[in-house]
Amino acid sequence: DFHSGPHCAPPSPDVWEVAQQRERDWWGSEPNPRWQEEIGKQQTYARLMGLPHDLNMGNKTILDVGCGPVSMLLRATHGGAAGVDPLLMSEETRAKYAQARVALYHAKAEDFQLPQRFDEAWMYNCLQHVDEPNKVMGMLLQSAGSIRIFEWIDMTPDPSHPHTLRVEQFERWIPPDQWSYSIWNV
């Protein structure tokens, strides 16, 4: 059941709004040193998600949930892609997405209406920030034939990260016999 379970009660609306405001303040609306720092972290995320070093995905279609302004899709080769994030993006950032052939959707992942089914869905360093992790995972599992995830687990919630994620949740969302690649607490 994607809509119930331990550690997944949705925070009160103002808790999620506070977390989103902190995200907007952290990212900013224009390129800044944090953006380059995040791109550096994504190299590790990509490796742990089993992605090729050059992000060449051939003709696969890809959905990035929680893409932010520096999605890995902006540096990937793909057969078409989409990113969804509640963060407002500048015109310059939106133009970079368009140039990379990535449709950019401004929406909460919980409310996102899939425009199509994708070959792959990616989600990295995002699930602690959402309003309802169970609902997001349900959407993610319906969105693609293959899912690649990097998420921090067993982290104490704070004002920017309203949820603690546990291995048991991921094993409930995706039974362990369906995982082709998993690493916990690296």
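This is a predicted model: local features need pLDDT of at least 70, side-chain atom pairs count only at pLDDT 80 or more; totals for chains, interfaces and linings use all residues.
Biologist: What makes residues 33-48 a helix of the expected span?

Modeller: Helix H2 has 16 residues, and 24 Å separate its first C-alpha from its last. The expected value is 22 Å at 1.5 Å a residue, so the span of H2 is called close to it.

Biologist: Which residues of H2 are buried?

Modeller: They are Trp35, Glu38, Ile39, Gln42, Tyr45, Ala46 and Leu48. Each is called buried because its relative accessible area is under 20%.

Biologist: Why do residues three or four places apart point the same way in an α-helix?

Modeller: An α-helix has 3.6 residues a turn, so residues at that spacing point the same way.

Biologist: What makes S4 and S5 a pair?

Modeller: Six bridges join S4 to S5 (residues 144-150), again in the parallel sense. The cut-off is at least two, so this pair also qualifies. Alanine 121 has isoleucine 147 in S5 as its bridge partner, and tyrosine 124 stands opposite phenylalanine 150 in S5. From S4 the chain passes through helix H4 (residues 133-143) to S5, in a right-handed β-α-β crossover.

Biologist: Why is S4 called mostly covered?

Modeller: Six of the seven residues in S4 (residues 118-124) are buried, so the strand is described that way.

Biologist: Why is aspartate 64 said to have no salt bridge?

Modeller: The nearest side chain of opposite charge, arginine 75, is 7.9 Å away, and the cut-off is 4 Å, so no salt bridge is counted for this buried residue.

Biologist: What polar contact does the side chain of aspartate 64 make?

Modeller: Its partner is the side chain of serine 71, at 2.6 Å. The limit is 3.5 Å, so the pair counts as a polar contact.

Definitions and conventions
Residues are numbered from 1 along each chain as its sequence is written. Side-chain values use heavy atoms; hydrogens and water are left out. Helices (H or I, at least four residues) and strands (E, at least two) are DSSP runs, numbered from the N terminus. Buried means under 20% relative accessible area, exposed over 50%, partly exposed in between (1.4 Å probe, protein chains only). A crossover is right-handed if, with the strands pointing away from the viewer, the path from the first strand over the helix to the second runs clockwise. Lys and Arg count as positive and Asp and Glu as negative; His and the chain ends are not counted. A polar contact is a pair of N or O atoms within 3.5 Å; within protein, one must be able to donate a hydrogen and the other to accept it, and residues adjacent in sequence count only if both atoms are side-chain atoms.
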